[in-house]
Amino acid sequence: IGVTYASDLHLHELVSDPFQLTVAALVRHRAGPSDAWLAGLAYASSSSFFPVLPTLGYVHQRAGSPFRFDALLPHHVRVVYELTPRLYAALGVEVHGDKWSVRGMRQILDTRRDGGAVFGELGVAALGAIHVEGRLGLSVDRYTLPDAMTDTTNRLSLRPAAFAQLLAVVAQD
């Protein structure tokens, strides 16, 4: 379960407008001592694809190995290397599609961001199931932005942008 708050998307009609919710439910099936398959559903309130999306994944990690490969399609593929029992690093590729509503002069307009990103990640097991992760990466996106004065939208070409993220993740193996 994830909740995001974007203060610049607040429309003042509803207090919940700037909040975006993500929920995923996955079932893992061991396919052997080093492999597992995942299947499930993910819901993202800001998704520009489908709000509810089926997911299929694969995880490979040999017993005692610090290396793990995981793919959760259609969202991401990443490799993780455990540096110490509490510290890990990862490289990954992910796709995303987000939509928001913003106020125009006379109507509500849709804003979109569709694209993908490559990133490096450093994570630490902070306390129990809580992990803190820092990410740096490059995102390449196509935006559809509103022109609030004319109540129209403009679709822009692909644009690269660097990003940094700090995440608190609650995950239980």
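The structure is a predicted model, in which local features need pLDDT of at least 70, side-chain atom pairs count only at pLDDT 80 or more, and totals for chains, interfaces and linings use all residues. Residues are numbered from 1 along each chain as its sequence is written, and side-chain values use heavy atoms, with hydrogens and water left out.

Confidence is given as pLDDT, the predictor's confidence in each residue on a scale from 0 to 100. The protein chain averages a pLDDT of 83. A score of at least 70 is reached by 84% of the residues. Confidence is lowest in strand β1 (residues 2–5), with a mean of 60. It is highest in β6, at 94. Where pLDDT is low, the predicted coordinates should not be read in detail.

The secondary structure comprises eleven strands and zero helices. Both kinds of element are DSSP runs numbered from the N terminus: helices are H or I with at least four residues, strands are E with at least two. Along the sequence, the pattern is β-β-β-β-β-β-β-β-β-β-β. Contact means heavy atoms within 4.5 Å. Of the contacts between residues at least 6 apart in sequence, 39% join residues at least 24 apart.

The chain has 173 residues, and 28% of them are buried. Buried means under 20% relative accessible area, exposed means over 50%, and partly exposed lies in between (1.4 Å probe, protein chains only). The accessible surface of the chain comes to about 11,200 Å². Carbon and sulfur atoms account for 64% of this surface. Accessible areas come from the Shrake-Rupley method with a 1.4 Å probe; for residues, only the protein chains shown count as cover.

Side chains of opposite charge can pair when their charged atoms come close. A search of the whole structure finds seven salt bridges. A salt bridge is a side-chain nitrogen of Lys or Arg within 4 Å of a carboxyl oxygen of Asp or Glu. One of them joins E121 and R78, at 2.7 Å from N to O. This pair links distant parts of the chain. E121 is in strand β8 (residues 108–127), R78 is in strand β6 (residues 76–82), and the two are 43 residues apart. Both E121 and R78 are buried. The relative accessibility of R78 is 12%. The side chains of R78 and E121 also meet the criterion for a polar contact, at 2.7 Å. A polar contact is a pair of N or O atoms within 3.5 Å; within protein, one must be able to donate a hydrogen and the other to accept it, and residues adjacent in sequence count only if both atoms are side-chain atoms. Not counting residues up to four places away in sequence, R78 touches R68, F69, D70, A90, L91, G92, E121 and R135.

D70 and R68 form another salt bridge, with their closest N and O atoms 3.4 Å apart. D70 is buried, at 9% relative accessible area. R68 is partly exposed, at 24%. A further salt bridge connects R112 and D114, also with closest N and O atoms 3.4 Å apart. R112 is partly exposed, at 30% relative accessibility. Salt bridges with shared partners join R68, D70, R78, E94, E121 and R135 into one network.

A nonpolar patch lies on the surface. V124, L127, I130, V132, L166 and V170 form this patch, with about 570 Å² of accessible area together. Patches are made of residues with over 30% relative accessible area and no salt bridge; like charges are joined within 9 Å, and nonpolar side chains (Val, Leu, Ile, Met, Phe, Trp, Tyr) within 5 Å. Strands β8, β9 (130–147) and β11 (159–170) each supply at least two residues of the patch. V124 is found in β8. Its relative accessible area is 31%, and V124 is partly exposed.

L73 and P74 are joined by a cis peptide bond, with omega about 15 degrees. P74 is in the loop between β5 (67–73) and β6. D151 lies in the loop between β9 and β10 (152–155). Phi of D151 is near 55 degrees, a positive value in a residue other than glycine. D151 is buried, at 10% relative accessibility. Its side chain reaches the backbone nitrogen of R106 at 2.8 Å. Not counting residues up to four places away in sequence, D151 touches G104, M105, R106, Q107 and L109. D151 and L109 are 42 residues apart in sequence, yet their C-alpha atoms are 7.0 Å apart in space.
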